[in-house]
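Here's a quick tour for anyone meeting this structure for the first time. Take a look at it, and then we'll walk through some of its parts together.

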Amino acid sequence: MNIAPLAAPRLEIDLGKIHHNAVTLVDRLHQRGISVTGVTKSTLGLPEIARTWLRAGVRGLGDSRLQNIQRMRAAHVSSTMTLLRSPMPSQANQVVTQTEVSLNTELDVITSLSKAAQKNNCVHGIVLMVELGDLREGIMPELLEKTVRTVLSLPNILFMGIGTNLACRSGVSPDATNMGQLSSLADSLDATFGPIVNTVSGGNSANLIWALSGNNTGRINNLRLGEALLLGCEPLHRTVIKGLHPSAITLFAEIIELKTKPAQPWGKLAQAAFGEVLPGSQRGTITQAILAIGRQDTDPDGLTPPPGIKILAASSDHLVVDVSNYRSSLQVGSEIPFQLDYSALLRAMTSPFISQILKKPDPNRIASKAGAFVSPLP
């Protein structure tokens, strides 16, 4: 925690660690018959990370925002692109010209894609998302066959398969029951229409505990991974996956004030800027540092400081921390590093006020393809 040598706040992104995480998970999932789509939305479609994942063996790239996909296209990232959020009808023309595949739930949207694909003389791939309990996007299972029948009749639309999303809205965990149901739905569609289901996309990083448990994975042959590739953890319990790097991305913030102050405020108290509740009673004084970063830049609740430093509060532009244990080693201008969870990373990567430093990987290590490394999940 020395005087800042580089622009702050900043994210330092270790592409070597990100490559290791990706190649390890790609190889382990390949042994289970599951391919990986790398989800670039939390990186704002950063081309360098996209290329790192492709070198590691991800089958394609997916994003929820067309702007991120356009950024990768402009940087000549060569990959199949999947739009992960159901397309807006107003963007149908861009969807069919910028992506090969999109995840869908609404026939009106798919009809718009069909018309746009006809106009552009192309064929657009469709994966239908099925509702399996998390209550975000998805077709109810009993309506799936009817929906597929209509999709198959639309010109310039290629039905590719089905998928689901869990653990995002309600925290429903992927398990043998709901993954078995998705497999059964794929079997039922093939029995009705012939062998038409090529892709069965089981979900996101939350599926890893289930997918690597050793149990039967059924028809599931694809996962859409972002958090695990970047942060080396699974989202259900936020635990680090053995053998992966949880510190591939680090946020550095600079101290702009360092003073000894009372631990408690004084005066008549009302709501703080973001409605925080006053912490419990604490007596005495502390060494308090203010860092030049705030809620406009990241999610303070998703930051983990070094041991012995405690985050006290955050406003739009300021992060207040207790650095009493480090008083002798810090000064104004010193930097403090933080690890990030997915929420903090998502906001930090999309902030125009946070710079990014890319640490290039060792080409010799990448060439070795570290996929021989296999270890169990915790």
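Let's begin in the middle of things. The largest nonpolar core has 93 residues, and among them Leu128 and Ile162 touch the most other members. Helix α1 (residues 15-30) gives this core its largest share, seven residues. Apart from it lies another core, made of six residues, including Val39, Leu84, Leu103 and Val127. Keep in mind throughout that you're looking at a predicted model. As a bit of background, nonpolar side chains in soluble globular proteins tend to be buried together.

**A strand on the inside**

So what does leucine 128 touch, leaving aside its neighbours within four places in sequence? The contacts are Asn104, Ile110, Ile139, Leu144, Thr147, Val148, Val151, Phe159, Gly161, Ile162 and Gly163.

Leucine 128 belongs to strand β6, where His124, Ile126 and Leu128 point one way. Gly125, Val127 and Met129 point the other way, and all of these residues are buried. Because six of the six residues of β6 (residues 124-129) are buried, the strand is largely enclosed by the rest of the structure.

β6 also has strand partners. Strand β5 (residues 101-104) runs parallel to β6 and is joined to it by four bridges. If you want a spot to look at, find serine 102, whose bridge partner in β6 is isoleucine 126. Strand β7 (residues 157-163) pairs with β6 too, again in the parallel sense, over six bridges. Here leucine 128 stands opposite isoleucine 162 in β7, and those two are the residues that touch the most other members of the largest core.

β5, helix α5 (residues 107-119) and β6 make a right-handed β-α-β unit. β6, helix α6 (residues 144-153) and β7 make a right-handed β-α-β unit too.

**A closer look at helix α5**

Which residues of α5 are buried? They are Val109, Ile110, Leu113, Ser114, Ala116 and Ala117.

After α5 comes asparagine 121, with a positive phi near 55 degrees.

**Charged pairs**

Now for the charged side chains. In general, side chains of opposite charge can pair when their charged atoms come close. The count here comes to 10 salt bridges, and the table shows some of them.

| Pair | Closest N and O atoms |
|---|---|
| Glutamate 335 and arginine 10 | 2.4 Å |
| Lysine 359 and glutamate 12 | 3.3 Å |
| Arginine 136 and glutamate 137 | 2.6 Å |

Glutamate 335 has a relative accessible area of 5%, so it is buried. Arginine 10 counts as buried too, because its relative accessibility is 2%.

Is lysine 359 buried or partly exposed? With a relative accessible area of 40%, lysine 359 is partly exposed, whereas glutamate 12, at 12%, counts as buried.

In the remaining pair of the table, arginine 136 is partly exposed at 43% relative accessibility, and glutamate 137 is partly exposed at 21%. Salt bridges that share partners join Arg10, Glu12, Glu335 and Lys359 into one network.

**One last stop**

Finally, look at the loop between β10 (233-234) and β11 (239-240), where you'll find leucine 236. Its relative accessible area is 26%, so leucine 236 is partly exposed. Leucine 236 touches Ala167, Ser173, Pro174, Ala206 and Ile209, not counting residues up to four places away in sequence. Leucine 236 and proline 174 are 62 residues apart in sequence, and their C-alpha atoms are 9.5 Å apart in space.

Key:
Residues numbered from 1 in each chain as written. Predicted model: local features only at pLDDT ≥ 70, side-chain atom pairs only at ≥ 80, totals over all residues. Heavy atoms only, no water. Buried < 20%, exposed > 50% of the residue type's maximum accessible area, 1.4 Å probe, protein only. Helix = DSSP H or I, 4+ residues; strand = E, 2+ residues; numbered from the N terminus. Pairing = 2+ DSSP bridges. Right-handed = clockwise from strand over helix to strand, strands pointing away. Core = buried A, V, L, I, M, F, W, Y, C linked by side-chain atoms within 4.5 Å. Contact = heavy atoms within 4.5 Å. Salt bridge = Lys/Arg side-chain N within 4 Å of Asp/Glu carboxyl O.
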